[in-house]
Amino acid sequence: MFDGNFRPQVEAKLKPVGQQIKRTGITADHLTIAGLVMAVGAAVVISFGWWHLGLLFVVLTGVPDLLDGAVAKASGTAGPRGAFFDSVSDRVTDALLFGAIAINYSQNQPNWVWLPVAVLARLDVDQRPAALEPELAGG
């Protein structure tokens with residue numbers, strides 16, 4: 001999520017949070033699945049045109065996505081499988097949200113329905129997420 005200059009600072013601040021969450025028995029996969037469930041809720045709300053509530057759900061969807069890596073590192077389960085699962089769930093979330101916008105526009109703005117569909121089609125669905133590149137390169 002955060003690359004470049006911000007990544008070390010964000011990871012340092014999230015490390016104690018990840019350790020606290022790990023102590024509760026919640027795993028990184030639990031957080032990733034919770035984010036997906038929240039994305040479904042956001043998509044439903046957005047498809048009905050409840051934009052303010054949809055924005056709140058989208059922000060809430062980002063919280064588990066932000067924390068799953070910290071929990072995986074704290075529990076020693078960080079690895080290629082988890083990175084891949086997280087990356088795929090991010091793409092599913094994108095598809096749900098853009099699909100919800102398309103559904104809403106198809107009902108209210110029929111001429112605009114293809115805009116979110118075109119944006120969704122342009123998303124690069126790379127089956128080898130950036131998080132795996134060091135492992136795949138042998139580093």
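Gly-49 follows helix 2, and its phi is positive, near 85°. Helices (DSSP runs of H or I, at least four residues) and strands (runs of E, at least two) are numbered from the N terminus. The model is predicted: local features need pLDDT of at least 70, side-chain atom pairs count only at pLDDT 80 or more, and totals for chains, interfaces and linings use all residues. Residues are numbered from 1 along each chain as its sequence is written, and side-chain values use heavy atoms, with hydrogens and water left out.

The chain has six helices and zero strands, in the order α-α-α-α-α-α along the sequence. Of its 139 residues, 27% are buried; buried means under 20% relative accessible area, exposed over 50%, and partly exposed in between (1.4 Å probe, protein chains only). Among contacts with a separation of 6 or more, 72% join residues 24 or more positions apart, where contact means heavy atoms within 4.5 Å.

Helix 2 has 20 residues and reaches 29 Å from its first C-alpha to its last, close to the 28 Å expected. The expected span of a helix is 1.5 Å times one less than its number of residues. Its buried residues include Ala-28, Leu-31, Gly-35, Ala-39 and Ile-46. The buried residues of helix 2 pack against helix 1, helix 3 and helix 4.

Thr-32 lies in helix 2 (residues 28-47). Thr-32 counts as buried because its relative accessibility is 6%. Leaving out residues up to four places away in sequence, Thr-32 touches Asp-68, Phe-85, Asp-86 and Ser-89.

Two packed helices are described by the angle between their axes and the distance between the axes. Here axes are lines fitted to C-alpha atoms, for helices over the stretch in contact, and angles run from 0 to 180 degrees between N-to-C directions. The table gives the values for two pairs.

| Helix pair | Axes come within | Crossing angle |
|---|---|---|
| Helix 2 and helix 3 | 8 Å | roughly 170° |
| Helix 2 and helix 4 (residues 80-108) | 8 Å | roughly 5° |

Helix 2 is therefore roughly parallel to helix 4. By class, the contact of helix 2 with helix 4 has 14 nonpolar, six polar and three charged residues. Helix 2 and helix 3 are roughly antiparallel to each other. The contact of helix 2 with helix 3 has 17 nonpolar, five polar and one charged residues. Angles under 35 degrees count as roughly parallel, over 145 as roughly antiparallel, 65 to 115 as roughly perpendicular and the rest as oblique. Ala, Val, Leu, Ile, Met, Phe, Trp, Tyr, Cys and Pro count as nonpolar, Asp, Glu, Lys and Arg as charged, and the others, Gly among them, as polar.

Helix 3 (residues 51-75) has 25 residues that should span 36 Å, and its end C-alpha atoms are 37 Å apart, which agrees. A kink of about 30° in helix 3 is centred on Asp-68; the bend at a residue is the angle between axes fitted to the seven residues ending there and the seven starting there. Asp-68 is also one of the buried residues of helix 3. These buried residues pack against helix 1 (7-23), helix 2 and helix 4.

Ala-74 is also found in helix 3, and is partly exposed, with a relative accessible area of 23%. Its C-alpha atom is separated by 6.8 Å from that of Lys-22, 52 residues apart along the chain. Helix 3 is followed by Gly-76, whose phi is positive, near 75°.
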